[in-house]
Each structure stands twice: as structure tokens, then as C-alpha cells.
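The sequence and structure come before the discussion.

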Amino acid sequence: MQILDRNLTALRRADPALAEAVAHCTLGPDLEVRGARSGAISLCVGGRLECSLENPLAEARELAQHFLARAHEVGARRLVVFGLGVHTLPLLASFEGELLVIEPRLDVVRAVLEHVDVSGALARV
């Protein structure tokens, strides 16, 4: 099973209408998937990089560790993530509370779901 199929299967369980919209979405002309030096992907949206072209996975680990530690400190029961977080979202799957992801562009969602396995997190979003 391809990454996109795995992600859409997980998303269908949580939100069938959104999964179908993503499945039929095409990427906008201002959205580019680039390869980072580390081999991971990076998105460029409207000419702006969403993460570095060096090692976005390392950056994502640092962000996720910070979010999870802070959530634990304050006893958070919900994490709200603005932007899909290309590499951060899968790392937040261990959060025991609710994950709320706000990403205004459906084509960005599609690009991420094509390249990054976020199925574990999508089951809880």
C-alpha cells in the first residue's frame, strides 16, 4: 500500500468527506515538494520553505519534543497545530490527548499525505 493510500484510509475513519476531498485534490502551481539534504522532503508554498532543506526531521523531533514536554508540564488535554507539520505531526502521535490540526490549504494536505506516513496521527485528528 502506498503512503497516500495508507493515510487516506486512516483519514476516512475520522472524516470521510475530507478524505474524499483530499483524494480528488490537485497540487497548486505554487506548491513544490523538494528533497532536503538529509533525504526527507520539504515543502515550498508560495515561494516560502515550510522547513529547512538541511535536516527537517531533526527540526521536527526538536519541535515535537518541545510541544510534548510543554503539554505534559501544563497538563494539556489538547494540542492545536497550525499547519500540517510535514514531519512534526507523526511525532505528536504519542500525545494522549486530542490533536487538532488547522491547515487551510487542501493541496498542502495532499502533498504531505503523498510523502509522509501520518496515518497513526490521522486516526486521532
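## Exposure classes and model

A residue counts as buried under 20% relative accessible area, as exposed over 50%, and as partly exposed in between. Aspartate 30, at 34% relative accessibility, is therefore partly exposed. The model discussed here is predicted.

## Packing of H1 and H2

Two packed helices are described by the angle between their axes and the distance between the axes. For helix H1 (residues 3-14) and helix H2 (residues 16-23), the axes cross at roughly 145 degrees and come within 6 Å.

On the H1 side the contact is made by Leu8, Leu11, Arg12 and Ala14, which meet Pro16, Leu18, Ala19, Glu20, Val22 and Ala23 in H2. Sorted by class, the contact of H1 with H2 consists of eight nonpolar and two charged residues, with no polar ones.

## Alanine 10

Helix H1 also contains alanine 10. Its relative accessibility is 2%, so alanine 10 counts as buried. Leaving aside residues up to four places away in sequence, alanine 10 touches Ser119, Leu122 and Ala123. The C-alpha atom of alanine 10 is 13 Å from that of valine 116, although 106 residues separate the two along the chain.

## Nonpolar core

The largest nonpolar core has 28 residues, and Leu99 and Leu113 have the most contacts inside it. At least two residues of this core come from each of H1, H2, strand E2 (41-45), helix H3 (56-74), strand E4 (78-82), strand E5 (98-102), helix H5 (106-115) and helix H6 (119-122). H5 supplies the largest share, five residues.

## Salt bridges

The count of salt bridges comes to 10. One of them joins arginine 105 to aspartate 30, with the closest N and O atoms 2.8 Å apart. Arginine 105 lies in the loop between E5 and H5, and aspartate 30 in the loop between H2 and strand E1 (31-35), so this pair ties together parts that are 75 residues apart in sequence. Arginine 105 is partly exposed, at 24% relative accessible area.

Arginine 105 also forms a salt bridge with aspartate 107 (2.7 Å, N to O). Aspartate 107 counts as buried, at 9% relative accessibility. Through shared partners, salt bridges join Asp30, Arg105 and Asp107 into one network.

Another salt bridge, between arginine 70 and glutamate 73, has an N to O distance of 3.1 Å. Both residues lie in helix H3, three residues or about one turn of the helix apart. Arginine 70 is partly exposed at 43% relative accessibility, whereas glutamate 73 is exposed at 58%.

Methods
Residues are numbered from 1 along each chain as its sequence is written. This is a predicted model: local features need pLDDT of at least 70, side-chain atom pairs count only at pLDDT 80 or more; totals for chains, interfaces and linings use all residues. Side-chain values use heavy atoms; hydrogens and water are left out. Axes are lines fitted to C-alpha atoms, for helices over the stretch in contact, and angles run from 0 to 180 degrees between N-to-C directions. Helices (H or I, at least four residues) and strands (E, at least two) are DSSP runs, numbered from the N terminus. Contact means heavy atoms within 4.5 Å. Ala, Val, Leu, Ile, Met, Phe, Trp, Tyr, Cys and Pro count as nonpolar, Asp, Glu, Lys and Arg as charged, and the others, Gly among them, as polar. Buried means under 20% relative accessible area, exposed over 50%, partly exposed in between (1.4 Å probe, protein chains only). A nonpolar core is a set of buried Ala, Val, Leu, Ile, Met, Phe, Trp, Tyr and Cys residues joined through side-chain atoms within 4.5 Å. A salt bridge is a side-chain nitrogen of Lys or Arg within 4 Å of a carboxyl oxygen of Asp or Glu.
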